[in-house]
Amino acid sequence: RYLSTNMLGNNNSDDNARKGCIIPRTSHAVVMPGDLILEEGLISDSAAGRDDVLSQLVESHRRWNAGGAETATSAACTMLLSDVGAEDKEGIPLKESSKAKMGLQSREEEDMEYIGLTSEVPPPLSASLASLAFSKSLSLHGDDKSPPSRRVVLKRSKLEVEEDEGTGSTPKLSIMKRHLHKAGGRKNNVNTALARITSGLSMSATASKDHSPSLSLRTDLHDVHLYVISNWVFQLMHARPSMASYQKEILPLLVSRQFRGVEAAFGPTAWKDEGNRERLRKVLKDLDGVNEDGIASFGNGHNKISTLLGMYASGKASGGLGDFAPVEADEDEMDKADAASGATGSLLTLPSFPSSVHPFVVSAQVLSRDVSSLTLRACTIPCLLHGCGKITSSTLKLDSKMSASLVPKGVQLSTKFNSILLPGCTLGEKVQTKSCTIGKGVSLGDRSKLNNVVVMDGAQIGTNVVMQNSVVGVGAKVGDNCNLKDCVIGPGAVVAAGTKTTEKGETFEADIS
């Protein structure tokens with residue numbers, strides 16, 4: 001419910017744009033998929049002063065945006081990345097197929113990415129900022145227990161990078177050196193007027209320049225599609241209505257243009273539209289912390305802090321579109337296309353495109369491997385099975401007092417076979433369940449054997465049934481003597497006795513005729 005259906009509708013009317021966005025213009029938003037599993041609380045040490053995953057992500061985003069006048073950048077988007085890597089006994093990384101066979105979290109090739117993280121971290125907060133009621137949870141000087149977020153300078157699909165695999169050419173990834181050094185940290189020229197306004201905040205000193213910035217290039221990180229998005233990015237969506245996917249279009253655009261600034265993200269093509277010109281002007285004034293008349297808009301102490309933390313007072317302006325370094329040329333193909341489309345004769349009659357540069361950051365909070373195992377999306381059958389199995393095994397490892405508060409009465413737990421059976425289950429003789437989650441009121445026939453299976457409420461499994469790596473829907477019925485592997489049985493579906501699956505991913509659906 002963050003955005004209405006006409007969010008990307010008529011971008012010629014600013015009134016329509018405001019009506020189309022439920023989120024206030026100065027608010028940031030957390031966007032997450034509906035199939036996200038966040039169960040890090042099942043880890044035994046999670047209660048020892050560690051924040052939950054969502055809190056860590058939000059606080060990380062706040063830290064990037066809390067530096068005010070003494071930081072060069074603020075975060076446009078902070079994403080959550082889980083560590084899905086695994087190694088064998090010799091420390092050699094396992095392939096995805098090997099991880100799947102071992103019951104570990106695995107990915108399809110189209111879900112794998114090359115992700116480049118620099119050594120840049122958000123600036124530390126001063127005690128005066130951290131003492132504020134709404135930012136007390138922000139730790140000081142980088143001594144928090146959660147790992148700091150990093151700037152993302154590369155995020156490309158593995159299939160895209162390795163599209164020439166098998167042709168003899170070597171896959172190549174290009175990262176501009178000047179971008180790497182920019183990401184290493186640099187001193188920022190502080191506007192004196194805004195510096196006087198923010199002087200009462202006792203901001204921590206500008207971090208010294210990192211003369212040897214480093215880059216980590218990884219393929220074992222997975223984007224779970226949980227993002228904290230800054231307010232101005234929604235205005236960018238208005239200005240670029242042809243971009244329908246945040247993950248596949250907006251996010252790559254932000255990664256590509258973070259060093260060139262907000263102006264380059266909007267681009268000269270969007271500048272042709274009057275509504276977009278006004279939208280960009282308002283965004284830049286918000287970033288500069290000034291009102292419509294170009295006057296600093298800090299009315300009182302609360303507004304001053306709110307602007308710093310929520311509206312990115314970056315200390316670059318006294319007039320919204322001040323004189324700054326010219327936009328650097330970018331070799332990125334997407335940038336070239338925009339520059340070409342913007343350099344038309346029609347632009348000659350329009351107001352000049354802003355010459356200012358408001359750089360920003362695309363950052364990522366990387367989870368530890370143990371927390372990552374309980375932070376995943378149940379968007380595929382293998383992911384659902386892995387998530388259920390991992391939650392069950394983690395629950396079984398808890399001490400009795402903690403598990404008693406989580407597990408309802410009447411639930412049967414099998415530590416030996418890593419299975420959980422909810423109340424009302426009926427089990428026949430010599431039934432075996434290994435790494436299974438069995439729902440309420442399920443009936444399992446004599447001598448049935450289930451391995452890595454999720455059976456939902458009210459389902460009936462016949463006698464002598466063998467099932468593996470499968471999901472049985474609510475109220476489904478499986479006849480006697482069936483041998484089913486890697487299949488999905490839909491809600492209310494009936495599988496005839498003696499059925500055997502021959503293909504992976506076979507589906508059985510209810511007869512609705």
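In what order do the five strands of the open sheet stand, and is the pairing parallel or antiparallel? I looked this up first. The order is S12-S15-S17-S19-S22, and the pairing is parallel. I took strands (E, at least two residues) and helices (H or I, at least four) as DSSP runs numbered from the N terminus, and two strands as paired if DSSP finds at least two bridges between them.

Note on the model. This is a predicted model, in which local features need pLDDT of at least 70 and side-chain atom pairs count only at pLDDT 80 or more, while totals for chains, interfaces and linings use all residues. Residues are numbered from 1 along each chain as its sequence is written, and side-chain values use heavy atoms, with hydrogens and water left out.

S22 pairs with S19 (residues 477–478) in the parallel sense over two bridges. Within S22, Val-494 stands opposite Lys-477.

Antiparallel pairs. I then followed S5 (residues 150–157), which pairs with S4 (residues 113–118) in the antiparallel sense over five bridges. Val-152 in S5 stands opposite Leu-117. S5 is also joined to S8 (residues 361–366) by two bridges, again antiparallel. Here Arg-151 has Ser-363 in S8 as its bridge partner.

Cores. I listed nonpolar cores, meaning sets of buried Ala, Val, Leu, Ile, Met, Phe, Trp, Tyr and Cys residues joined through side-chain atoms within 4.5 Å. Buried is under 20% relative accessible area, exposed over 50%, and partly exposed in between (1.4 Å probe, protein chains only). The largest core has 37 residues, of which Trp-232, Val-233, Tyr-246, Leu-254 and Val-262 touch the most other members. Elements that each supply at least two residues of this core include S4, S8 and helix H9 (246–257). Another core, of 24 residues, lies apart from it, with Val-453 and Leu-484 among its members. For Tyr-246 I checked contacts (heavy atoms within 4.5 Å); not counting residues up to four places away in sequence, they include Cys-77, Tyr-227 and Met-237.

Leu-406. Is this residue buried, exposed or partly exposed? Leu-406 counts as partly exposed because its relative accessibility is 47%. I found Leu-406 in helix H16 (residues 400–406). Leu-406 touches Leu-42 and Leu-398, residues up to four places away in sequence not counted. Thr-395 is 11 residues from Leu-406 in sequence and 8.2 Å from it in space, C-alpha to C-alpha. Thr-395 is one of the buried residues of H15.
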